[in-house]
Amino acid sequence: MLTNKRIQDNLVITVPKKWNELTTEKLMKDYWKAPKKLLHEWRMSKKVTINGEIAQWTKPLQQDDLLGIPVFEFPITDYPVPKDLHIEILYEDDHLLIANKQACMDTHPANPEQNNTLLNGVAYHLAATNQQPFIKHIHRLDKDTTGAVLFAKNPFVGAILDRMLEERAITRTYVALAEGQVKNAQGRIDAKIGRDRHHATRRRVSPTGQTAVTHYKVLKFFPKKNVTMISCTLESGRTHQIRVHLSHIHHPLAGDTLYGGKKTFPRQALHARKIEFIHPFTEEKLSITAPYLDEPPIFT
């Protein structure tokens with residue numbers, strides 16, 4: 001675990017033994033893989049410090065050095081309109097936030113006039129707690145999918161989390177209700193996904209599409225409803241991936257009429273149940289579970 005604290009606009013990290021002989025430059029470029037533009041700005045501004053002095057970027061770090069990084073100092077030119085949408089915050093620290101998205105809610109606005117999205121609700125939380133208004137979603141959920149969504153609270157951690165998501169260092173586990181009885185206790189669906197040229201929003205399995213792999217595990221079968229509760233994890237993050245893949249194996253999501261499901265529920269029965277990753281600055285493992293939100297419950 002890394003020891004760090006916020007001092008005004010700076011993140012101050014106590015250099016651990018494993019960083020000995022790493023230069024500030026290598027730490028930023030190779031360890032955190034920070035954006036080149038941001039690193040250039042920090043070098044030019046001379047606001048990165050070692051033990052309170054301007055950092056020499058090519059000088060090796062030593063254990064117990066105090067590394068100061070101006071991660072909380074940045075221009076804010078555009079941010080979402082705050083709106084009280086009673087968003088449940090599952091986890092929060094100085095760098096990131098995980099919120100529990102409700103059904104019938106977009107993750108972010110599609111146009112400047114839209115202000116009833118999860119992003120607007122999280123912006124309200126920041127304003128109500130006197131925090132900087134910067135907020136960036138790291139991934140999205142479909143409008144009618146509920147569950148955990150990860151946000152960055154400054155551009156530096158946003159860039160790192162984007163890269164972690166791309167490198168599959170962030171694991172998201174979903175719970176779904178699939179129609180019928182899924183026979184195999186677990187399985188792997190490897191089928192490329194592309195746009196459906198006959199429908200504006202629908203996706204389909206296509207040999208010319210993008211690579212998509214879904215792993216699933218059966219949790220419980222409900223014979224009266226004829227649905228199977230499964231958990232899913234993704235090796236990729238394609239639009240509508242779970243919905244397309246389950247339809248492809250002839251077990252569409254209950255309630256998902258776009259992909260062949262019956263109107264068993266008022267929405268597709270899909271919930272982003274858990275998100276797990278190593279925190280980029282504390283290096284603790286975070287495992288955050290999102291409670292189910294439907295009333296009456298659909299996952300019981």
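**Sheet and pockets**

Guide: V12 stands opposite G68 in β5. This is a predicted model: local features need pLDDT of at least 70, side-chain atom pairs count only at pLDDT 80 or more, and totals for chains, interfaces and linings use all residues. Residues are numbered from 1 along each chain as its sequence is written, and side-chain values use heavy atoms, with hydrogens and water left out.

Visitor: Over how many bridges do β2 and β5 pair?

Guide: Strands are DSSP runs (E, at least two residues), numbered from the N terminus. Two of them pair if DSSP finds at least two bridges between them. I13 stands opposite L67 in β5. Strand β2 (residues 10-14) and strand β5 (residues 66-69) run antiparallel, and the number of bridges is 4.

Visitor: Which residue in β2 is the bridge partner of R6?

Guide: β1 and β2 pair in the antiparallel sense over 4 bridges. They form a hairpin with 2 residues between them, and Q8 in the turn has a positive phi of about 55°. The partner of R6 in β2 is L11.

Visitor: Which strands are the edge strands?

Guide: The open sheet has 5 strands, ordered β1-β2-β5-β3-β4, with antiparallel pairing. An edge strand here pairs on one side only. The two are β1 (4-7) and β4 (53-54).

Visitor: How much space lies in the largest pocket?

Guide: A pocket is an open set of points on a 1 Å grid over the protein atoms alone, where a 1.4 Å probe fits, with protein on both sides within 12 Å along at least five of seven lines. Points are joined across faces, edges and corners, and the volume is the space filled by probe spheres set on them. The value is about 990 Å³.

Visitor: Which residues lie nearest the centre of the largest pocket?

Guide: Lining residues have an atom within 4 Å of a point. Helices (H or I, at least four residues) are also DSSP runs, and α4 (155-166) and α5 (241-248) each supply at least two lining residues, as do β10 (171-179) and β15 (227-234). The lining has 34 residues, and nearest the centre are R140, R172, G237, R238 and T239.

Visitor: Which element gives the largest share of the lining of the second largest pocket?

Guide: This pocket holds about 330 Å³. Of its 14 lining residues, L38, E41, E73, F74 and P75 are the closest to its centre. α2 (36-45) and α4 each supply at least two. The largest share, 5 residues, comes from α2.
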